[in-house]
Amino acid sequence: MAIAVQPPDYSEQEQQGLLLVAEAEDLKVIDQASLDAAGEMLKNIKAYITEVMKITSPVKAATHAAWKVAVKQETDLVG
């Protein structure tokens, strides 16, 4: 039996991630001001990763719990 799950809309996070990648690719550290900008960018990237982890953690936990149930059922039935 297949269960269809519709994922939430993460387009805002995806766009934010793409923007961070584009900004990082364009950044060149040549002086103190650009070094400061790179430091701020790293803070933004860390905040983005934290947000993504917060969003995906419940899904990963639920998937892991379901997997454990499936393994227990299989063990109970097959041995």
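The questions and answers below concern a predicted model, its helices and the surroundings of one serine.

Visitor: How many helices and strands are there in the protein?
Guide: Residues are numbered from 1 along each chain as its sequence is written, and in this predicted model local features need pLDDT of at least 70. Side-chain atom pairs count only at pLDDT 80 or more, totals for chains, interfaces and linings use all residues, and side-chain values use heavy atoms, with hydrogens and water left out. Helices (H or I, at least four residues) and strands (E, at least two) are DSSP runs numbered from the N terminus, and on that basis the protein has 2 helices and 0 strands.

Visitor: What radius of gyration does the protein have?
Guide: Along its principal axes the C-alpha trace spans about 65 × 25 × 15 Å. The radius of gyration is taken over C-alpha atoms, and the globule rule is 2.2 Å times the number of residues to the power 0.38. For a compact globule of 79 residues the radius would be near 12 Å, but that of the protein is 20 Å.

Visitor: Why does the distance between the end C-alpha atoms of α2 agree with its number of residues?
Guide: The expected span of a helix is 1.5 Å times one less than its number of residues. Because α2 has 47 residues, it should span 69 Å, and this agrees with the separation of its end C-alpha atoms, 65 Å.

Visitor: At which residue of α2 does a kink lie?
Guide: The bend at a residue is the angle between axes fitted to the seven residues ending there and the seven starting there. In α2 a kink of about 35° lies shortly before the proline Pro58, at Thr56.

Visitor: Is Ser34 buried or exposed?
Guide: Ser34 has its place in helix α2, residues 32-78. Buried means under 20% relative accessible area, exposed over 50%, and partly exposed in between (1.4 Å probe, protein chains only). Because its relative accessibility is 12%, Ser34 counts as buried.

Visitor: Which backbone nitrogen does the side chain of Ser34 reach?
Guide: Leaving aside neighbours within four places in sequence, Ser34 is in contact (heavy atoms within 4.5 Å) with Leu27, Lys28 and Val29. At 2.7 Å, its side chain reaches the backbone nitrogen of Ile30.

Visitor: What covers the buried residues of α2?
Guide: The buried residues of α2 are Ser34, Ala38, Met41, Tyr48 and Ile55. What covers them includes α1 (11-26).

Key:
Polar contact = N/O pair within 3.5 Å; in protein donor to acceptor, adjacent residues only side chain to side chain.
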